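Student: I would like to learn how to read a structure that is new to me. Could we look at it together?

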Amino acid sequence: MATSKTSSLLILGASGDLAARLLMPGLAGLLAHEPDRRVQLIGAGVEDLTDAQWKARVKESFASVKAKGPAVQATLRSTKYIKADVTAKDDLQKLVDACTSDPAIYFALPPAITELACGQLQKMELPPATSLALEKPFGTDERSAKKLNTLLLKIVPENRIHRVDHFLGRSTVLNLLGLRFANRLIEPMLSNRDVENIEIVYDEQLGLENRARYYDHAGALVDMIQSHLLQVLAVLVMEAPATLSAQDVRDQKQLALRAMRIWDDDPASSRRARYTGGTINGRKLPAYVKEDGVDPSLGTETLAEVVVEVRNMRWAGVPIMLRSGKALGDYRREIVVTFKAPTHVPPEFHTLKEPDRLRILIDPDEMFLELNVNGPGDPLVIDRAALEAVFNPGDLPAYGEVLQGILDGDAALSVRGDAAVEGWRIVAPVLAAWRKNEVPLDDYRAGSAGPASWPKGLAEAAPAQKR
Ligand SMILES: O=C1O[C@H](COP(=O)(O)O)[C@@H](O)[C@H](O)[C@H]1O
């Protein structure tokens with residue numbers, strides 16, 4: 001919702017890649033969509049930038065998404081850059097003082113620097129409605145995430161802490177709320193009574209893209225599954241919230257997360273692999289271990305699969321596979337809900353092979369309900385048909401949604417502190433098993449579908465089969 005009051009967005013680490021590639025284009029999208037919104041953008045970083053150089057950067061980022069309009073122009077006119085050491089109290093004070101309203105402080109910084117900056121903020125008297133926005137990774141395990149929560153809560157209350165997960169701002173994920181809770185038809189089908197299994201897959205064709213410094217210590221499991229895919233899953237399986245308020249939605253998500261366990265409590269059911277050199281869409285990719293900045297001895301996986309179970313009355317017994325990887329041949333980003341077979345199928349329908357499936361693409365925004373129907377010709381021959389729905393994509397890009405929530409003080413799309421801790425709790429047994437090498441690190445060729453020896457997802461595996 002547009003506000004006439006000017007909000008101050010203070011980006012720490014503003015000269016970095018995250019700000020240029022995601023935050024500023026996201027802000028531009030928001031400003032173009034809401035011409036009455038006024039945002040004072042202050043960038044801070046260690047780099048020596050003149051105001052003119054900073055303005056040129058912001059302008060370039062805004063132009064990359066063709067953002068226009070009075071709100072865009074107003075921000076471009078007023079934005080400034082302040083060179084600062086964000087781990088020094090005096091510099092932080094200078095930055096906060098430069099904000100014309102209570103700031104939203106966005107940490108576009110590596111986690112260690114974010115913690116140091118928070119340590120200083122804790123000692124300062126901040127304007128009353130200051131809010132904080134932090135990127136993942138939020139801690140490195142359950143304990144460190146709890147410790148970070150404690151530190152943040154000494155600075156501002158929970159409802160003003162935004163642990164950013166841009167997947168929660170994606171229109172498909174937002175559409176899950178409408179699909180599940182604004183229809184009579186779908187919701188009753190989503191339980192262990194009717195669902196055989198679920199897969200959430202986010203296969204990317206991109207490789208490392210010069211992110212070794214971060215990714216080599218994260219790997220696919222932490223980079224994508226521990227953070228984003230568990231959050232998406234929580235939205236898919238949570239009980240209906242009474243309202244879409246931050247508190248109601250996050251309470252329901254948290255209950256769902258708390259019920260999640262690794263399938264059979266057996267981390268050996270997980271898989272990990274790393275890409276070797278190959279070609280994707282005509283583009284040659286070196287092996288992961290040959291990428292700049294990679295330390296092969298870390299044994300970082302670039303493809304991960306885990307099967308989880310939501311141990312509650314609604315979902316117990318339904319295997320849910322979460323998978324994400326880089327440098328894969330196919331761009332596949334989808335949630336697939338596979339339904340059980342009918343309790344009785346007339347024997348004449350002997351050509352029936354496939355179960356019903358609800359396929360929700362995470363990008364582009366499309367949904368297919370794949371069903372068995374009587375095809376043309378012999379009426380007893382069963383054919384497949386799909387009901388297709390194209391969701392209208394949201395007005396805002398994911399980072400636009402995220403920034404809108406932050407600037408408006410609405411934490412519904414942010415990850416709550418207890419949910420961040422829960423994410424680590426769920427994957428901890430897998431991380432421990434991998435550290436002890438109890439699960440082999442397989443190879444796959446860049447551009448392939450993953451290791452040839454892996455079964456192709458739950459849909460093809462025997463139901464509830466322990467792998
Ligand atoms: O947060 C991340 O997400 C991206 C995938 O999201 P997209 O919106 O860019 O498709 C992933 O490539 C990256 O490794 C991860 O850190």
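Student: Which element gives the largest share of the lining of the second largest cavity?

Tutor: Please keep in mind that this is a predicted model. In the second largest cavity, the largest share of the lining comes from α10, which gives 3 residues. Both β6 and α10 (398-407) supply at least two residues of that lining, and the residues around the cavity include His 162, Val 164, Val 402 and Ile 406. The space in this second largest cavity is about 40 Å³, and its lining divides into 4 nonpolar, 3 polar and 2 charged residues.

Student: How much space lies in the largest cavity, and which element gives the most to its lining?

Tutor: About 180 Å³ of space lies in the largest cavity, and α8 gives the most to its lining, with 5 residues. The lining has 17 residues, and those nearest the centre are Lys 136, Phe 138, Ser 227, Val 415 and Ala 420. By class, 8 of the lining residues are nonpolar, 5 are polar and 4 are charged.

Student: How are helices α1 and α3 placed relative to each other, and which residues meet there?

Tutor: An angle over 145 degrees would count as roughly antiparallel. Helix α1 (residues 17-33) packs against helix α3 (residues 70-78) at about 130°, with axes 6 Å apart, and the two are therefore oblique to each other. In this contact Ala 28, Leu 31 and Ala 32 of α1 meet Ala 71, Val 72 and Thr 75 of α3, a set with 5 nonpolar residues, 1 polar and no charged.

Conventions:
Residues are numbered from 1 along each chain as its sequence is written. This is a predicted model: local features need pLDDT of at least 70, side-chain atom pairs count only at pLDDT 80 or more; totals for chains, interfaces and linings use all residues. Side-chain values use heavy atoms; hydrogens and water are left out. Axes are lines fitted to C-alpha atoms, for helices over the stretch in contact, and angles run from 0 to 180 degrees between N-to-C directions. Helices (H or I, at least four residues) and strands (E, at least two) are DSSP runs, numbered from the N terminus. Angles under 35 degrees count as roughly parallel, over 145 as roughly antiparallel, 65 to 115 as roughly perpendicular and the rest as oblique. Contact means heavy atoms within 4.5 Å. Ala, Val, Leu, Ile, Met, Phe, Trp, Tyr, Cys and Pro count as nonpolar, Asp, Glu, Lys and Arg as charged, and the others, Gly among them, as polar. On a 1 Å grid over the protein atoms alone, a cavity is a set of points where a 1.4 Å probe fits but cannot get out, and a pocket is an open set with protein on both sides within 12 Å along at least five of seven lines; lining residues have an atom within 4 Å of a point. Grid points are joined across faces, edges and corners, and a volume is the space filled by probe spheres set on the points.
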